[in-house]
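Please look through the sequence and the structure shown here, and then follow the explanation below, which takes up a few parts of the chain in turn.

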Amino acid sequence: MPAERDREISGHGNRRTKEPELIFISYSSHDLKYLKMLMPHLKVFENQKLIRIFTHDALRPGTLWLDATKSAIAAAILLVTPSYLASENLIADQLPQLLARAEQGGTVILPLLVKPSLFERVPELYRFKPFNSTPKTLI
C-alpha cells in the first residue's frame, strides 16, 4: 500500500496515528447483493479507522469519476462475476483508471472471485493474484 500518511493528534504531544486507507470497491450494479455481503466484514476495519470504503454509489450524479478519486486509493477490491466482466462501463472506463494507478505503484488491485467467470481470459486482470484462487469462488 502507499506510504503511510500520518497526522498528529492535537493534545497528545508527538503521538501519531495513520490516516485511514482509502479502499475502492469496484462491482457491477447487478452484483449489489455481493457488495452487501462483503461490507460487514470491512466495516470492522472501517470502525477502527483503519480504512475508508468508497464505491461509485457515493458519487453525486454528474460527478466525474476521475476527479472524485484524485485522493490516493490504497487498494481496489474488484468483485469479479460474469456481470462485472460483461460491464462495458467497468471494463472500458473504471478498470483502466484503476490499472493505471496500479502501474504507477499507488493502488493495489485485489480481485475477489465471487462467481465462476472467465477471469483468466481477461489478461489485464488475470495478472493480479486474487484473494481466492481460481477455480474457487465464493458462490
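**Aromatic pairs, a helix and a loop**

With a relative accessibility of 2%, Phe119 counts as buried, because buried here means under 20% relative accessible area. This value, like every other one in this text, comes from a predicted model. Phe119 has an aromatic partner, Tyr126, and the two rings form an edge-to-face pair, with 5.7 Å from centre to centre and 70 degrees between the planes. Tyr126, however, is partly exposed, since its relative accessible area is 43%.

How many aromatic pairs does the structure hold? There are two aromatic pairs, and one of them is made by Phe24 and Phe54, whose rings are tilted, with 5.3 Å from centre to centre and an angle of 45 degrees between the planes. Because Phe24 belongs to strand β3 and Phe54 to strand β4, this pair ties together parts of the chain that are 30 residues apart in sequence. Phe24 is buried, with a relative accessible area of 0%, and Phe54 counts as buried as well, at 11% relative accessibility.

Strands β3 and β4 also lead us to helix α1, for they are included in what covers the buried residues of this helix, together with β5 and β6. The buried residues of α1 are Tyr34, Leu35, Leu38, Leu42 and Glu46. The helix runs over residues 32–47, and its 16 residues, at 1.5 Å a residue, should span 22 Å, which agrees with the 22 Å that separates its end C-alpha atoms. Along the way, at His41, α1 bends by about 40 degrees. After the helix comes Lys49, whose phi is positive, near 65 degrees.

The last stop is a loop, the one between α4 (88–103) and β6, where Thr107 lies. Is Thr107 buried or exposed? Thr107 is buried, because its relative accessible area is 7% and the cut-off for a buried residue is under 20%. The side chain of Thr107 reaches the backbone oxygen of Ile73, at a distance of 2.8 Å. If residues up to four places away in sequence are not counted, Thr107 touches Ile73, Ala74, Ala75, Ala76, Arg101 and Ala102.

Methods
Residues are numbered from 1 along each chain as its sequence is written. This is a predicted model: local features need pLDDT of at least 70, side-chain atom pairs count only at pLDDT 80 or more; totals for chains, interfaces and linings use all residues. Side-chain values use heavy atoms; hydrogens and water are left out. Helices (H or I, at least four residues) and strands (E, at least two) are DSSP runs, numbered from the N terminus. The expected span of a helix is 1.5 Å times one less than its number of residues. The bend at a residue is the angle between axes fitted to the seven residues ending there and the seven starting there. Buried means under 20% relative accessible area, exposed over 50%, partly exposed in between (1.4 Å probe, protein chains only). Contact means heavy atoms within 4.5 Å. A polar contact is a pair of N or O atoms within 3.5 Å; within protein, one must be able to donate a hydrogen and the other to accept it, and residues adjacent in sequence count only if both atoms are side-chain atoms. Rings of Phe, Tyr and Trp (its six-membered ring) pair if their centres lie within 6.5 Å; planes under 30 degrees apart count as stacked, over 60 as edge-to-face and the rest as tilted.
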